[in-house]
Amino acid sequence: MFEEYKFSIFLNVALIVAIGFVTSNVTPIKVIGSPCYPSSPAHKAVLFTSVINAILFYFLVLGDRSKFHDGEINDRTSGLAWVAASLLFAMLIGRFTLTYGRVSDAVAHAKATLTVVVVNEMYQTFWSFNRFPGDSQRLVRVVHAITASVLMWGIRASHSSTPLKPHFPRGVNPIIPVVAFAANQLWWSFRLLHNPEGVYDIKLTNAERFQAQIQGLSILWSLIPFVSSAFALASKPSDLASLCTTIQHISLSCVGMLLALGKRANGGLIDDTTFGASVAVNLFLFGLAHHGRQNNGTQNHNHTANGLSPARLALLAIVGFNIFYYLDLAFSNGKKFNSDLKDDRTRAATSWISLNILHVIFVLRNVIKFGSDNNARHVAKTFVFVIFLTETLNHTIGSEFIPTTSKIELFFVHAFMALSLAWGIRSKTIIATTTPRRLTPAIAKID
Amino acid sequence: MIQVFQRLQTSLEKAQPALNRLPLLLLVTFLLIEVFYGALLFSGFNYGGDAVELFYGIRSPTSSEVYTTDNHAQSILWFTLPLASLTYSARSEPAKLSRLLSHVGLIVLTMTGLLVGMGSLQNGGKLGEIRRGAKRTS
């Protein structure tokens with residue numbers, strides 16, 4: 001007997017670790033195309049289905065729930081959030097085909113999507129016919145017919161032997177997505193720290209207000225090392241592009257969180273306007289980061305050997321603590337660090353804090369994996385500041401809300417973190433040097 | 001400590017042919033997990049009991065809750081079928097599979113965001129307990 005929620009979280013963390021390990025040890029292929037310039041009819045058909053998916057995603061996420069089922073719309077499940085996410089996942093697979101796939105891959109993708117369209121149409125006709133509103137059903141039927149026609153054209157017009165015309169996208173300067181992302185994070189952090197009531201749009205109790213402020217602070221936990229890393233890498237577009245991967249990871253996990261929390265009109269927790277704007281901004285940042293990664297300057301850089309230096313080892317220890325606290329908060333209701341929380345009105349804040357801890361791991365992983373030793377030391381210094389800031393807050397604003405046992409626990413954890421970071425900053429010994437098994441462009445190492 | 005890291009590094013280099021098989025293995029595992037969840041959620045199969053109760057702890061679901069859960073189940077096909085097709089198409093190219101796997105990584109990260117956002121039923125969230133079904137008060 002185990003809880004589905006805990007099991008799913010553990011399963012996802014295990015998958016993330018396994019995927020990270022495998023993609024680090026098996027060199028991924030390089031970019032051969034661009035989603036904006038499909039190189040074969042099959043690629044064009046895949047792009048068309050991705051556009052259709054994007055439009056459906058827009059209607060499903062921002063639209064009225066009653067358009068998707070007849071009668072009573074009281075829904076305590078989160079099925080619709082998962083349906084919207086599935087559209088996003090289909091778009092991500094489409095992105096792979098358009099950016100890395102050859103003609104044979106695009107044909108295989110188009111054939112599978114055609115099967116999906118047929119199965120979906122059969123499902124609507126024979127299984128959910130009496131629950132899907134008539135107007136929506138007719139519209140979806142027309143969309144299915146057009147999509148199937150385009151896919152069939154793409155499959156018939158493309159042959160696996162057709163030579164591919166590779167298109168290497170020019171991309172944008174990686175500094176643009178980095179600055180845009182940092183500005184967005186800073187804006188949310190400022191809003192939550194300064195005026196949490198404005199964000200939640202309800203009268204908060206003092207404990208809830210503190211929880212929302214911690215949410216704002218938790219954004220800084222990853223933002224400060226991120227900005228520090230960006231400053232250290234500002235002169236090297238190739239290394240800066242690796243931060244774009246971190247932006248992609250963070251923005252997509254934020255989209256997932258937003259979909260699960262939902263908008264208020266559909267029974268969710270987030271104000272409708274904020275919800276729509278946040279989903280749009282995060283998807284925009286994801287797309288911008290995609291172009292930042294593909295900047296021409298990033299293609300010509302070879303990574304040299306990365307030594308496992310003390311600074312990296314200290315950051316690795318921080319990652320370990322963050323994994324523990326991510327799981328700790330994901331499995332709890334936030335009362336461990338805020339004993340006065342009475343109900344779940346700020347449940348969203350606890351979930352965001354947990355996710356923001358995960359974002360710290362993404363940022364530090366990037367520094368450990370792609371950054372130089374100096375970069376790691378620079379980030380370690382800023383992380384000491386982050387620890388100092390958090391500990392100060394715990395003993396000032398948070399002193400009346402954080403239980404004494406948690407306060408002591410956090411103090412010792414912070415002290416250990418600060419000591420290991422100090423050791424990492426001061427010591428210059430290289431513990432072990434990993435020989436570069438491959439000298440591939442940075443873009444090929446980025447996942 | 002130095003020796004441990006160096007040995008680990010050497011053994012990883014020696015195991016490269018075996019490592020090259022891991023992307024395929026992991027992609028197939030991910031697909032199997034997704035298909036399993038799809039089957040578990042679809043009310044047409046009713047595998048392992050009522051899916052809405054199994055996942056959300058809702059004893060007497062409304063028709064719209066069953067419908068949404070069914071839609072969730074079939075929406076899994078929207079990305080697993082193209083993913084399976086691409087995996088088969090690139091089955092002998094570890095580098096391409098590795099890149100495909102990194103896209104699956106993005107999917108898993110979005111799923112993690114969704115799961116944390118849903119939260120557990122005990123803590124005022126939505127996900128119940130598998131096997132026994134947690135009590136829901138609202």
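This is a predicted model: local features need pLDDT of at least 70, side-chain atom pairs count only at pLDDT 80 or more; totals for chains, interfaces and linings use all residues.
How are the rings of A:Tyr5 and A:Phe331 arranged? Their centres lie 6.1 Å apart, and their planes meet at 80°. Planes over 60 degrees apart count as edge-to-face, so this pair is edge-to-face. The pair joins distant parts of the chain. A:Tyr5 belongs to helix α1 of chain A, which covers residues 4-25. A:Phe331 belongs to the loop between α11 (310-330) and α12 (347-370) of chain A. The two residues are 326 residues apart.

Ring pairs tie A:Phe331, A:Tyr5 and A:Phe10 into a cluster. A charge is involved as well: the charged end of A:Lys6 sits over the ring of A:Phe331, 5.6 Å from its centre.

## Rings in chain B

Two aromatic pairs of residues deserve a look here. A pair of aromatic rings is described by the distance of the centres and the angle of the planes. For B:Phe36 and B:Tyr37, the centres are 5.9 Å apart and the planes stand at 80°, so this pair is edge-to-face. Over all chains, the count of aromatic pairs comes to 14.

B:Tyr37 has 13% relative accessibility and counts as buried. Chain B also has a charge placed over a ring. B:Arg91 lies over the face of B:Tyr88, at 4.1 Å from the ring centre.

## A nonpolar patch on chain A

Which residues make the nonpolar surface patch of about 450 Å²? They are A:Val51, A:Ile55, A:Tyr58, A:Phe59 and A:Leu62. One of them, A:Val51, is found in helix α2 of chain A, which runs over residues 41-62. A:Val51 has a relative accessible area of 42%, so A:Val51 is partly exposed.

B:Asp70 has its place in helix α5 of chain B, residues 63-89. Its relative accessible area is 0%, so B:Asp70 is buried. What does B:Asp70 touch, not counting residues up to four places away in sequence? From chain A, the list holds A:Tyr123, A:Trp127 and A:Arg131. From chain B, the list holds B:Leu41, B:Phe42 and B:Ser43.

A:Asn338 is found in the loop between α11 and α12 of chain A. At 0% relative accessibility, A:Asn338 counts as buried. Leaving out residues up to four places away in sequence, A:Asn338 touches A:Ala207, A:Phe210, A:Gln211, A:Phe401 and A:Pro403. A:Met91 is another matter: 247 residues along the chain separate A:Asn338 from A:Met91, and their C-alpha atoms are 39 Å apart.

## An exposed residue in chain B

B:Gln122 lies in the segment after α6 (94-118) of chain B. Its relative accessibility is 51%. The cut-off for exposed is over 50%, so B:Gln122 counts as exposed.

## Chain A as a whole

Chain A has 15 helices and two strands. It has 447 residues, and buried residues make up 59% of them. Now take the contacts in chain A with a separation of 6 or more: residues 24 or more positions apart account for 82% of these. Chain A exposes about 18,200 Å². Carbon and sulfur atoms supply 66% of that area.

## Chain B as a whole

How many helices and strands are there in chain B? There are six helices and zero strands. Along the sequence, the pattern reads α-α-α-α-α-α. Chain B has 138 residues, and 57% of them count as buried.

For contacts in chain B between residues at least 6 apart in sequence, 56% join residues at least 24 apart. The accessible surface of chain B comes to about 5,900 Å². Of this surface, 61% belongs to carbon and sulfur atoms.

Key:
Residues are numbered from 1 along each chain as its sequence is written. Chains are lettered from A and ligands numbered from 1 in the order in which they are written. Side-chain values use heavy atoms; hydrogens and water are left out. Rings of Phe, Tyr and Trp (its six-membered ring) pair if their centres lie within 6.5 Å; planes under 30 degrees apart count as stacked, over 60 as edge-to-face and the rest as tilted. Helices (H or I, at least four residues) and strands (E, at least two) are DSSP runs, numbered from the N terminus. Buried means under 20% relative accessible area, exposed over 50%, partly exposed in between (1.4 Å probe, protein chains only). A charge sits over a ring if NZ of Lys or CZ of Arg is within 6 Å of the ring centre and within 35 degrees of the ring normal. Patches are made of residues with over 30% relative accessible area and no salt bridge: like charges are joined within 9 Å, nonpolar side chains (Val, Leu, Ile, Met, Phe, Trp, Tyr) within 5 Å. Accessible areas come from the Shrake-Rupley method with a 1.4 Å probe; for residues, only the protein chains shown count as cover. A salt bridge is a side-chain nitrogen of Lys or Arg within 4 Å of a carboxyl oxygen of Asp or Glu. Contact means heavy atoms within 4.5 Å.
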